[in-house]
Amino acid sequence: MTEIAWSDLGTRHTYFVKNYRSWEVKKETVVISLPYVTADVRLLFNDLTQDVTVEDVSFARSCNVAQKTVLNGFQAVMVNTTTVRGIPATRWSACLYDYSINMTNRATFYFSDSSWMSPFQTPQTSVPLRVEYFARRHNGSQVTEYNIIGDLIIFQQNPTFKPETFITSKGLFCPNRTGESMRFPSFPDQFSLLMEVIDQDFLRIAYQEIWYDRSLQMVRWDSKRADGSDSDAHTYIFDFNVGVKYMIDIHLMSCEDPSPLVIGDDFVMLNQKNISMMSAATYFHSEVADIQYVGTTTVRDVECNTWIGKYFDPDAEREITVQPQWTEATGSVVGSGAFFRMEIWKGGSLRPAVYNIMRYNPTTPDVGVFDFATCYDASNKKHFTIEFKVVNPKNFILLGRPYLRETVVVQLASHLEIQPNRFTDVTFDYDQHGTLFMSGTMLGPSKVNGFGRREIDLNGAFDFLKGSVAASHLAIMLSDSDGEPMPLEGVNVVEHNFHEEFTTTTTTTAKPTSIVVPTLPPKTISMKVPTAPPTTATTTSTTRTSTNTRTATCPLPTPCTCPTVRSIPPTTPLVSSSVRTSRLTSPSTRLAATTRLTCPPPPPPCNCSHLVQSTPFPSLLPAANRSSPAHLLLAARALRPRPALPRKSSRARRGRLPARAPPPDPVSPAQQQPWLSSAPLARRVPLRQGVHVHHPPCTSISHPPVTSSFPTHPSASRITALIREDRIGDEREGRRLQAEEECKMAR
């Protein structure tokens, strides 16, 4: 590779020329940079064909091929040694004759001395430094002289060239191109691909996905812009069986009204005044163009074979240049012989539209991709299940589901004389015992028929299916990978009518049973709490906490008959259950606020031992601690009888006589609560929750909070002593209150 600065002494112009020479491929490329011109002129010499391709991409992007000129009489002789650009050199001279243009040229060459070191060469290597041409051209009686000097700036031996170095520029079509040729690949009749479309004129990038099946006469085309400006992207399905186009919203899964295919739609071409499906070669502009093989190029770091073609677009009324590129047959990681890239040059545009092909799959697309069942309502669908018997099920599980779906659907549609796209949502279930179940949906004929072809209605096609199964005339032929036949025989078909199945009421006869279901107890409060056993006479004993309320019943004697009493609220407020435990308040803390109060003596205490064990306290203490001494003491204090409050008679209120209530008979704790003497003792447990009990029949009592726990398990005698001490304290409190009342009366 050399880079030369040529100076024309006659015109006083300088040209920079790069020369690339490959002795391996026997090709040479000369790139000339002209003054006042932004583009270059390229000369491509081919030693095999003895021609030169001259391409001018500065204005018209023209390309011409000419015969290579052979210079005769080249025989250089050494003249002397000299100095060129300060470099010691040897001078050589020769005469050249070009008979094609009748020109004689005297050439002088200068080579560096071998002792001079060059940055691009190995030591002791002589490189060219300068070339001088003095030529005379005879054109009849007119003689033109040329005096040109070229200084070699860069000279490299055996460099590495890119493949596109010795081929024409992109988008440049040469009409009489010669050289090696290669047959252009043909597009298959079934394929799918994803394209990245780059429009350099409008600076837009979009992604298009295509599923093409010419045997089914179906095409699906999806498009989405890279910037997301098309928020409502659509799927277009072209049905060339009846000439209908479906447009489905991808995100909403809604379908617009189908419309007939017209000229101008994608994949639509006019064939003898009839609309037909465009071939893939026509769609990618390779069928109508004059295709030439260019050579090997590197595209996205992949070696590709490149072709170029040119055709006239009647709609745009201009010539279009298309340059498809396919991967080489071997050595490609993408896949050998794959459609890889396409560039379209419109007229003399310098910015082509680029189509980067990704996910190119030259196989038959799955029939499910052409599903347009969204465009049909429920009245134009029939859901079914067909039972097939597999005659030779030995290798059935090795069959691929795409092959099974396509083969069964195509043959079943052919048997019913309908289009395969009228089957949708097809699934298969195999029971591993020679029975195959096919479930799916059969669609009716399209509401729009662009071609006016006759179609079998839905009921007629389904009735024919049921008749074929009943008469054992439905058979599907399959084969495994070895070509072994594997037929399917239709055994049964069932129609699924979702509307009838979900609206029909089914009744079942209940069998008699010997299990008696108990009746639910009456609901006393809105909360779901355990209900106490039924009794003849009951009262309500309520245990309140800061978070819930539980109601229990207790047998009562003759209830207390009192006039209306306005009660003073308790002085000790309820304590949150999550903080500490409250003791039961003594009855003496509640006084009657009225001057008239007549009550009989207090009734005998209530025997509520079953409530303590079942209803109130499980909500306050853990189940494991319900029989602990702390638990028993708390229950005993809550349920034992209290001394009656001092009450005044009508005579006492008039200042005559103080009223005294007779003291209650002494009753032992064991007589008050018989279960205390036999209660088991358990490990020490701290008191947890505050207890607020409405003591029968008239008063509400509570105790101040207790923060300590029993250090040891007390005995029954200790519990009895505690109860006696508490009772003595209540009697003292009653006498104190009575004394206060007498003092008030004395004043």
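F120 touches I154, F155 and Q156, where touching, or contact, means heavy atoms within 4.5 Å and residues up to four places away in sequence are not counted. The model is predicted, so local features need pLDDT of at least 70 and side-chain atom pairs count only at pLDDT 80 or more, while totals for chains, interfaces and linings use all residues. Residues are numbered from 1 along each chain as its sequence is written, and side-chain values use heavy atoms, with hydrogens and water left out.

**The chain as a whole**

- The secondary structure of the chain comes to nine helices and 35 strands; helices (H or I, at least four residues) and strands (E, at least two) are DSSP runs, numbered from the N terminus.
- Of the 747 residues, 39% count as buried. Buried means under 20% relative accessible area, exposed means over 50%, and partly exposed is in between, with a 1.4 Å probe and protein chains only.
- Among contacts between residues at least 6 apart in sequence, 54% join residues at least 24 apart.

**F120 and its loop**

- F120 lies in the loop between β9 (103–112) and β10 (128–139).
- F120 counts as partly exposed because its relative accessibility is 40%.
- F155, one of the residues that F120 touches, is 35 residues from F120 in sequence, and the two are 7.0 Å apart in space, C-alpha to C-alpha.

**Strand β22**

- Q323 lies in strand β22, which covers residues 318–327. With 5% relative accessibility, Q323 counts as buried.
- A polar atom of the Q323 side chain lies 2.9 Å from the backbone nitrogen of G171. A polar contact is a pair of N or O atoms within 3.5 Å; within protein, one must be able to donate a hydrogen and the other to accept it, and residues adjacent in sequence count only if both atoms are side-chain atoms.
- Not counting residues up to four places away in sequence, Q323 touches K170, G171, T306, W307, I308, R341, M342, E343 and W345.
- T321 also lies in strand β22, and at 6% relative accessibility T321 counts as buried.
- Beyond four places in sequence, T321 touches G171, I308, G309, K310, E343, I344 and W345.

**Nonpolar cores**

- A nonpolar core is a set of buried Ala, Val, Leu, Ile, Met, Phe, Trp, Tyr and Cys residues joined through side-chain atoms within 4.5 Å.
- The largest nonpolar core has 36 residues, of which F267 and F284 touch the most other members.
- Elements that give two or more residues to this core are β12 (190–199), β13 (204–213), β14 (218–225), α1 (280–283), β21 (302–313), β22, β23 (339–346) and β24 (353–361).
- F284 is in contact with F187, F191, L193, M195, V322, F339 and M342, leaving aside neighbours within four places in sequence.
- Another core, of 31 residues, lies apart from it; F384, L399, A413 and L465 are among its members.

**Helices α2 and α3**

- Two packed helices are described by the angle between their axes and the distance between the axes.
- The axes of helix α2 (residues 401–416) and helix α3 (residues 458–470) come within 10 Å and cross at roughly 105°. Axes are lines fitted to C-alpha atoms, for helices over the stretch in contact, and angles run from 0 to 180 degrees between N-to-C directions.
- From α2, L412, H415 and L416 meet A461, F464, L465 and S468 of α3.
- By class, this contact has five nonpolar, two polar and no charged residues. Ala, Val, Leu, Ile, Met, Phe, Trp, Tyr, Cys and Pro count as nonpolar, Asp, Glu, Lys and Arg as charged, and the others, Gly among them, as polar.

- V491 is in strand β29 (residues 488–496) and is partly exposed, with a relative accessible area of 44%.
- Leaving aside neighbours within four places in sequence, V491 is in contact with E387, F388, K389 and V469.
- P485 is in the loop between β28 (475–476) and β29. The relative accessible area of P485 is 44%, so P485 is partly exposed.
- P485 and V391 are 94 residues apart along the chain, and their C-alpha atoms are separated by 9.1 Å.

**Positive phi values**

- Phi of M253, a residue other than glycine, is positive, near 50°; M253 is in the loop between β16 (244–249) and β17 (259–260).
- Phi of D425, also a residue other than glycine, is positive, near 55°; D425 lies in strand β26 (residues 423–430).
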